[in-house]
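Work through the exercises below with the sequence and the structure in view. Each task is followed by its solution.

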Amino acid sequence: MVFERKQKRRNLDGVDALDRISQLPEHIIHHILFLMPHKDAARTTVLSKSWKQVWNSLPRYDFTFCDGTYYDNSPAHFEKKIEKFVRSVNEDLLPLREHKTTIQIVQQFRLRMTLCHHKYASRIDNWIKLANRNLMESLYLELTSMNKVGRYVLPKTTFFVESLAELTLKGCKVLGNYFGDDMIKSIYLRKLTLERVDVNYLTITKILRCCPLLEEFTQSNCCVKAKRVHINYAPKLKKAKLYGVKKIKIEAPNLEELYCRGDPGRLDSDSFACNNVKKLKISMFETSKLFEDLNSKFPLLETLDLQFYDSKLKISSDRLKSLSLLCPNKQLPMLQISFSPEELSKDLPIPPIATVEHLELGNVPIMQDYTALLDGLLWSCHPKVLLIRADSESKEFVNFLSETLVIKEEEPKCCGDSHMKCWRHYLKAVKSEPYLDGMEYVKVCHCDALSDSISALEICH
Amino acid sequence: MKFCAVKQYFDDENNNNITSGASTTMIPLPNVESHPLAILITYCKKHLKIKANNADNKKETEKEMEQYEQELLKKVMPQELTELILAANYLNFKEALDFFCRAVASAIQNKSIEFVRKFFGLESDFELGEEEKLREEFAWSFEGVDED
């Protein structure tokens with residue numbers, strides 16, 4: 001394969017300025033790359049377009065192995081199926097084993113298997129080591145161990161495969177002794193997922209400390225030793241999902257999306273040091289005073305999805321665009337949502353209206369009188385869309401809304417001469433319609449007095 | 001097998017040894033410059049000589065060959081390496097090809113991109129931002145590199 005020649009003036013000194021190297025057949029350049037450490041070979045992509053093309057033309061493999069077996073009552077029969085599966089994997093991996101003169105890239109190695117005997121662990125070890133030697137970019141392991149068979153322990157070298165950008169482990173075990181305290185070696189992962197993994201939370205912290213490029217981290221329902229999450233170094237982390245944990249302490253200055261689900265757990269003001277979070281979802285956690293000053297903790301927050309248990313909730317933020325609240329307690333919560341603290345001060349000429357466009361409420365408890373709740377909500381923000389999750393209990397609330405949110409008069413007389421008008425003065429139109437979703441929703445839309453377009457208030461149920 | 005391309009040329013005449021010296025046939029080699037060809041011939045002769053000297057001792061052969069190769073590399077300019085590879089490839093001279101490939105590999109490994117570009121006489125022809133994106137994507141390969 002001949003690349004485009006670059007014609008250059010020949011230097012009289014004899015130093016040939018022509019890009020002769022690109023005239024080499026591709027397989028020879030592949031051979032030269034093969035003779036270098038993987039890191040140096042990979043770097044040649046940046047030399048020029050033709051070198052990038054050479055790298056892209058290296059042989060690549062995508063392996064997905066799934067034993068597809070469901071345990072049936074006959075252990076012998078099951079083991080036979082697994083043996084057959086193991087043989088087919090070995091066959092498929094032959095191209096990697098054969099000595100070649102060129103680098104091979106394993107773009108993806110996915111293995112889903114049930115371990116019915118510990119002898120299979122070493123087979124898996126061999127497969128992974130083979131892939132490790134061949135510039136593996138993404139590894140996915142989902143290994144279920146049958147009772148009495150120990151969990152699969154991930155080989156230590158896997159973490160240090162330099163080309164590995166994505167690692168997903170489900171049902172495995174990670175030992176802590178890979179990572180000594182004098183850890184200086186870097187791990188170049190960009191995405192790490194640990195689901196139902198047997199690992200100590202301190203090991204996880206150590207691993208993350210070595211990952212300068214990590215952008216996404218998920219920890220889900222891991223063992224008892226990992227019910228805590230402690231992340232103190234995550235310079236590039238953008239997205240974090242922490243499920244099934246009891247305690248969180250995370251320091252991630254560039255984090256933008258954070259999803260937490262407790263087991264249940266407890267959060268406090270120490271839990272988060274992530275100023276750039278834009279999307280936050282929290283459920284099954286006691287949040288104590290965390291949300292009293294949302295603005296200082298998460299100044300850039302735009303979307304908040306919160307399930308709260310405390311009896312009092314106070315949120316103040318001026319950037320929030322979407323708010324979703326779920327209160328599973330049957331107790332009446334005292335809701336105080338002020339979207340800017342100065343709102344209720346009489347000194348301001350015009351009360352600032354929050355820009356929350358989408359407000360979702362769930363599990364609104366049955367109350368005698370919803371007026372206070374509605375006033376509290378609509379004082380602070382004039383959402384364009386108000387969604388109410390419809391269940392047997394919220395029917396009352398919906399009815400209340402349809403009665404109250406009606407335009408009765410042109411200019412309501414309720415607030416007199418006060419320059420602070422209540423929400424009734426801003427309500428332009430109300431429309432009620434069913435909201436198409438799996439769950440039934442009631443959608444109530446409220447129009448902002450400051451906007452020109454009249455969006456109807458829609459009550460959907 | 002050395003100089004396979006040339007050998008094939010001689011097959012008709014049933015001549016196995018190109019260094020026989022007696023042949024005066026003109027073999028056209030349009031893609032090989034005289035300088036690299038001279039080096040390759042020297043390399044080949046040396047290799048045969050060493051092999052002959054240490055007929056039974058393979059290890060000795062290897063050792064001597066390595067010494068010779070180190071000496072040779074000192075005299076060869078980096079830019080000439082690419083010429084030598086092209087010549088060895090055209091002539092189908094496997095040992096020399098391997099040797100010079102290894103020489104190139106060790107010359108450019110652990111060196112910065114700028115160094116390697118100069119070495120090969122390359123220029124970056126990426127569009128604006130394209131190189132940045134690639135460097136990002138391959139960030140793992142740039143960690144801890146000797147930037148000279």
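**Exercise 1.** State how many residues of chain B and chain A are in contact, and what area the two chains bury.

Solution. In this predicted model, 41 residues of chain B are in contact with 42 residues of chain A. Next, take the area: the two chains bury about 3600 Å² between them, with 64% of it on carbon and sulfur atoms.

**Exercise 2.** Find the salt bridges and polar contacts between the chains, and describe the side of chain B that touches chain A.

Solution. Between chain B and chain A there are 4 salt bridges. One of them joins K236(A) to E136(B). A salt bridge needs the nitrogen within 4 Å of the oxygen, and here the closest N and O atoms are 3.7 Å apart. Across the interface, 10 residue pairs are in polar contact. On chain B, the elements giving two or more residues to this side are α4 (78–91), α5 (94–108), α6 (113–120), α7 (130–137) and α8 (139–142). The largest share, 7 residues, comes from α5(B). By type, this side of chain B holds 18 nonpolar, 8 polar and 15 charged residues.

**Exercise 3.** Determine which strands of chain A pair with β12(A), and in what sense.

Solution. Start with β11(A) (residues 279–286): 4 bridges join it to β12(A) (residues 303–307), and the two run parallel. Within this pairing, I282(A) has L306(A) as its bridge partner. Now take β14(A) (residues 322–326), which pairs with β12(A) in the parallel sense over 5 bridges. Here T303(A) is partnered with S322(A).

Terms used:
Residues numbered from 1 in each chain as written. Chains lettered and ligands numbered in written order. Predicted model: local features only at pLDDT ≥ 70, side-chain atom pairs only at ≥ 80, totals over all residues. Heavy atoms only, no water. Contact = heavy atoms within 4.5 Å. Buried area = accessible area lost by both parts, 1.4 Å probe. Salt bridge = Lys/Arg side-chain N within 4 Å of Asp/Glu carboxyl O. Polar contact = N/O pair within 3.5 Å; in protein donor to acceptor, adjacent residues only side chain to side chain. Nonpolar A, V, L, I, M, F, W, Y, C, P; charged D, E, K, R; others polar. Pairing = 2+ DSSP bridges.
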